[in-house]
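Dear colleague,

I am handing over the structure below, and after it you will find what was found in it. Please look through the model first and then read on.

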Amino acid sequence: MNELTILTGASRGLGHAIMEELLARRLSILIIGRDHSFLPANAVSSYYLNFDLTKTLDPECSEFLSEKLRDIL
């Protein structure tokens with residue numbers, strides 16, 4: 001069974017350090033964020049979902065996130 005880590009806050013600080021470690025270990029990551037400019041070149045084997053988590057209370061945005069997660073998982 002393949003494992004997938006879901007990570008937010010990967011653009012800086014602790015989240016960024018965790019992302020770098022997971023990528024170094026060649027693990028699959030789903031990175032959720034508003035901007036992907038911080039992603040290193042070796043992140044191409046991982047998934048990036050452009051989503052603003054502050055909008056999860058909006059039913060339409062919440063459904064969008066649910067659909068994307070179903071597609072990936």
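**What was found**

Of the 73 residues in the chain, 27% are buried, where buried stands for under 20% relative accessible area, exposed for over 50% and partly exposed for what lies in between, with a 1.4 Å probe and protein chains only. Please keep in mind that this is a predicted model, in which local features need pLDDT of at least 70 and side-chain atom pairs count only at pLDDT 80 or more, while totals for chains, interfaces and linings use all residues. Residues are numbered from 1 along each chain as its sequence is written, and side-chain values use heavy atoms, with hydrogens and water left out.

As to the overall fold, the chain has two helices and three strands, which follow one another along the sequence in the pattern β-α-β-β-α; helices (H or I, at least four residues) and strands (E, at least two) are DSSP runs, numbered from the N terminus. The chain has a radius of gyration of 12 Å, close to the 11 Å that the globule rule gives for 73 residues, so it is as compact as a globular protein of that length. That radius is taken over C-alpha atoms, and the globule rule is 2.2 Å times the number of residues to the power 0.38. The C-alpha trace spans about 35 × 30 × 20 Å along the principal axes of the chain.

Turning to contacts and surface, among the contacts in the chain with a separation of 6 or more, 25% are between residues 24 or more positions apart, a contact being heavy atoms within 4.5 Å. The accessible surface of the chain is about 5,400 Å², and 51% of this belongs to carbon and sulfur atoms, with areas computed by the Shrake-Rupley method and a 1.4 Å probe.

The chain carries 7 positive and 10 negative side chains, the centres of the two sets lying 5 Å apart. Here Lys and Arg count as positive and Asp and Glu as negative, while His and the chain ends are not counted, and each charge is placed at NZ of Lys, CZ of Arg, CG of Asp or CD of Glu.

With a salt bridge taken as a side-chain nitrogen of Lys or Arg within 4 Å of a carboxyl oxygen of Asp or Glu, the count comes to three:

- Arg25 pairs with Glu21, with 2.7 Å between the closest N and O atoms; Arg25 is exposed at 56% relative accessible area, and Glu21 is partly exposed at 40%.
- Lys55 pairs with Asp52, with 4.0 Å between the closest N and O atoms; Lys55 is partly exposed at 42% relative accessibility, whereas Asp52 is buried at 19%.
- Arg70 pairs with Glu63, with 3.3 Å between the closest N and O atoms; Arg70 is exposed at 54% relative accessibility, and Glu63 is partly exposed at 38%.

Arg26, in the loop between helix 1 (13-24) and strand 2 (28-33), has a positive phi of about 60° although it is not a glycine, and Arg26 is exposed, with a relative accessible area of 78%. Glu20 belongs to helix 1 and is partly exposed at 42% relative accessibility; from C-alpha to C-alpha, Glu20 and Ala43 are 9.0 Å apart in space and 23 residues apart in sequence.

With kind regards
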